[in-house]
Structures are given as C-alpha cells and as structure tokens.
Amino acid sequence: MSVKPVFSFKNTTGDDVISPFWAKAPTKVNRARQGVKLFWKWFKLALFAFLMIMGLWGCFQSMWDGTVAVDPHVGGGLEFGFPFGTTGDWRYDLTANQSSQYHTFSNWDMSYGPFYGIFVFPGAWLVLNLMYATSNWVGGLNALMSIFVLLTIIRILTGAATLRSSLQNEKMSEVQGKMAEINAKYKDLKDPASKQKKQQETMQLYRKYKIKPFAAFEQMFITLPIFLIIYRVVTIARPLKATTLFGMWNFATTPLTALFSSFTSGGWVYIFFLLIVVPAQYASMKLPQIWARQRNRDASATSGKGEKQQKKTRMIQNVFAIAMGAIVAFSAAGVGVYWFLNSLFSVAQSYIIHRIILHRRKSGGSKTASRLAALGIT
C-alpha cells in the first residue's frame, strides 16, 4: 500500500493544514506577489484621489483666487511667458507694467498653488518653447502644433488607463443579458437572504468574466484634471492668447460675441469656426456609441432592461454633447481649437479601441474553436 506524500502549511487563520504534494502551498513568491498587488491597488486609489482633488482644486480656485483669474486677452488675468525683455517679441515676453488684475509666472512657481505648480507649469512651458522655436510659421500653425504635441503626450501617458476602462465597460456590456436574468430572478425577493444571494451571484458573474467594476471609473478620475490642465494652458500661455489662426480666428475672441457684436466687420468668419468645431465635438461622442452598438448588438438584444438603460445613457450623452457645443460657442476661440483637436484624438482613440476589442473577440473565438476541435467536438 503506497502512501501519498503530504506536507503541512499554515492557512490564513494560522492553523496547520495537511495537503497532498500536488497542492499549491503559499510560498514566499506568492506572498510577495500578493503584497505587490495590494500595494499597487492602494497606490492607484491614492493616485486617482490625488488627481481628482487637484482637478477640483483647479476648478474652484479661479472662483475665489483672483491671481489665477481667466482672461483670454493678452495682458489680462494670469499669463505664462518669458520674462519681460527676454526675446523682444511682445507675443512671448510678459508685460512689464502689471495692473492689479494682471499676474504672471515664467518659471516653476508654487505660489499659485499645487495645481498650477505641478500640472499646469510643465504644459505651459512646453507650449511656450515649442511656439517660440517655430515662431516663423505662418497662420498660427505653430499654435496648432504645440497643442497637438501636448495632447499627444498626455494621451500616451493616460492611454493604458483609458484602454483598461474601455475594456471593462465592454465586458459589462457583454454580460447585460446575464445581469438581467439575475435581476429578474430576485425581482420580487426583498429579504436579506435573497439580497445576499443576488450579490453573491453577481460577484460570481464578475469573477467568471474577470470584471472589475471600479476599473470602469478610472477614466473619469483622469478626464477632469486633463481637461482643466489643458484649458488653463490655453488660457494662460501668452503666445496662444496672441494667436490669430489663418488670419481669421483670434484665440482671444468668443465666437458668439463676434457674431453678435461685429458680424458685418469680420465676425461672420466665426460661423465657419463653429461649423467645424461643434460637429467634431458631437462626432467624438456619437461615433463611440455607434461602434459600441455594433459590437454589442447580440448582448443588447437579450436584455430589455439593458436596452432601456442604454437609451437613457445615449439621451444623457446627447444632452451633454449639446451642452459642450454651447460651451465652445461661449468660450474663447483658443479653447475651441483645443476641443477640436481633442475631438480628433477621441475619435481616433475610440476607433483603435473598437478594433482592439474586435480583434480580441476574434482571437478568443479562434482559440475556443481550436480547443473544441482538439477534443473532437465540432
């Protein structure tokens, strides 16, 4: 009679547990890996909390701190540029005579708070130096290029979190039918035991499909700070404020103001500005919805409740798109240019994610078919 070798190890409660030799005992490597995962989890939570706090700080600071007031015109509000007399070009050098409502900074400076010192300064410094290096470009093309480069760098830095959030949202869409079945099963059961069972089945569904619900919100914690950072760069960088794009659209001018106050004397050109920027903004919100419906047509059809939720979500997004169009019309043209370039980035990013998801599904289906064929199942 043979005896299978066994060994003992401590479980999580500290008790001795006898295990066969093929059982996977907790090793130092596993404990180290768990420690790293735990550290990474809390590090991300702390990072997202910090970014959200900084975003809210930057959002409300301009309301109570006059030194960071928003003024799109040259020589007003808070400005970033070279010290007076550095280049001899008024578009890049800060004004010498400062009024009580004019504030400047040209180097790393924490006196305006951590939001401006940590986040806004690097972007403003990059834009200032890029524009000055290409100051001989005509038509304000150096302004477009500098904003484009800044957006590219930020998109690269936040690309992993955006992709992760999008994939998690996609997984949630794929299991809508199964979630509807669980909800229907416990629809009329309100007792604590039934609620607990519903929660357990929901968690089992998440584990089965490797869904991490909170990962879908990562993008939200990143979007607000990014918007505020670039918005403030556009509204404080002196050369951007001094730009007139293609000799028609001044970055400091508000499109609707120009249309109503000086329509016959050149303000009419902002009609074309709005006809370019607003549709681009709308497309950046609509196209991802269309691609998502194409990918999840089958999953949506199995869930009436899920379809109602999607309709409600689409309605909210349409209202949001209209609101964003209004913001563009009532903001300085420089902000509108940022929104236009950001819309192009969003469309490209959404399409890339769309193709990645389709490729993953195709690859997953091919692997499943190969495994079934290996077992003789067709």
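The sections below set out the basis of the model and then its features.

## Basis of the model

The model is predicted: local features require pLDDT of at least 70, side-chain atom pairs count only at pLDDT 80 or more, and totals for chains, interfaces and linings use all residues. Residues are numbered from 1 along each chain as its sequence is written, and side-chain values use heavy atoms, with hydrogens and water left out.

Helices (H or I, at least four residues) and strands (E, at least two) are DSSP runs numbered from the N terminus. A residue is buried under 20% relative accessible area, exposed over 50%, and partly exposed in between (1.4 Å probe, protein chains only).

Rolling a probe the size of a water molecule over the atoms shows where empty space is left. The structure holds 1 cavity of 30 Å³ or more. On a 1 Å grid over the protein atoms alone, a cavity is a set of points where a 1.4 Å probe fits but cannot get out, and lining residues have an atom within 4 Å of a point. Grid points are joined across faces, edges and corners, and the volume is the space filled by probe spheres set on the points. For the largest cavity, that volume is about 40 Å³.

The lining of the largest cavity consists of Pro72, Val234, Thr235, Leu240, Lys241, Phe251, Ala332, Gly334 and Val335. At least two lining residues come from each of helix H6 (218-236), helix H7 (238-241) and helix H12 (333-374). By class, 6 of the lining residues are nonpolar, 2 polar and 1 charged; here Ala, Val, Leu, Ile, Met, Phe, Trp, Tyr, Cys and Pro count as nonpolar, Asp, Glu, Lys and Arg as charged, and the others, Gly among them, as polar.

## Salt bridges

A search of the whole structure finds 3 salt bridges, each defined as a side-chain nitrogen of Lys or Arg within 4 Å of a carboxyl oxygen of Asp or Glu. In one of them, the side chains of arginine 238 and glutamate 79 meet at 2.6 Å, N to O. This pair links distant parts of the chain, since arginine 238 belongs to helix H7 and glutamate 79 to strand E3 (residues 77-80), 159 residues apart. Both arginine 238 and glutamate 79 are buried.

Glutamate 79 also forms a salt bridge with lysine 241 (3.2 Å, N to O). Lysine 241 in helix H7 and glutamate 79 in strand E3 are 162 residues apart, so this pair too links distant parts of the chain. Lysine 241 counts as buried because its relative accessibility is 3%. A further salt bridge joins arginine 91 to aspartate 89, with the closest N and O atoms 2.8 Å apart. Arginine 91 is partly exposed, with a relative accessible area of 29%, whereas aspartate 89, at 18%, counts as buried. Through shared partners, salt bridges join Glu79, Arg238 and Lys241 into one network.

## Contacts across the sequence

Lysine 241 and arginine 91 are 150 residues apart in sequence, and their C-alpha atoms are 8.3 Å apart in space. Phenylalanine 345 lies in helix H12 and counts as buried at 16% relative accessibility. Its C-alpha atom is separated by 8.2 Å from that of threonine 152, 193 residues away along the chain.

## Surface patch

Phe39, Trp40, Phe43, Leu47, Phe50, Trp108, Met110 and Ile118 form a nonpolar patch on the surface, with about 840 Å² of accessible area together. Patches are made of residues with over 30% relative accessible area and no salt bridge; nonpolar side chains (Val, Leu, Ile, Met, Phe, Trp, Tyr) are joined within 5 Å. Accessible areas come from the Shrake-Rupley method with a 1.4 Å probe, and for residues only the protein chains shown count as cover.

Helix H1 (residues 28-64) supplies the largest share of the patch, 5 residues. Methionine 110 lies in the loop between strand E4 (102-105) and helix H2 (114-133), and is partly exposed at a relative accessible area of 36%.

## A positive phi angle

Most residues other than glycine have a negative phi. Phenylalanine 246 has a positive phi, near 55°. This residue lies in the loop between strand E5 (244-245) and strand E6 (249-250), and counts as partly exposed at 45% relative accessibility.

Terms used. On a 1 Å grid over the protein atoms alone, a cavity is a set of points where a 1.4 Å probe fits but cannot get out, and a pocket is an open set with protein on both sides within 12 Å along at least five of seven lines; lining residues have an atom within 4 Å of a point. Patches are made of residues with over 30% relative accessible area and no salt bridge: like charges are joined within 9 Å, nonpolar side chains (Val, Leu, Ile, Met, Phe, Trp, Tyr) within 5 Å.
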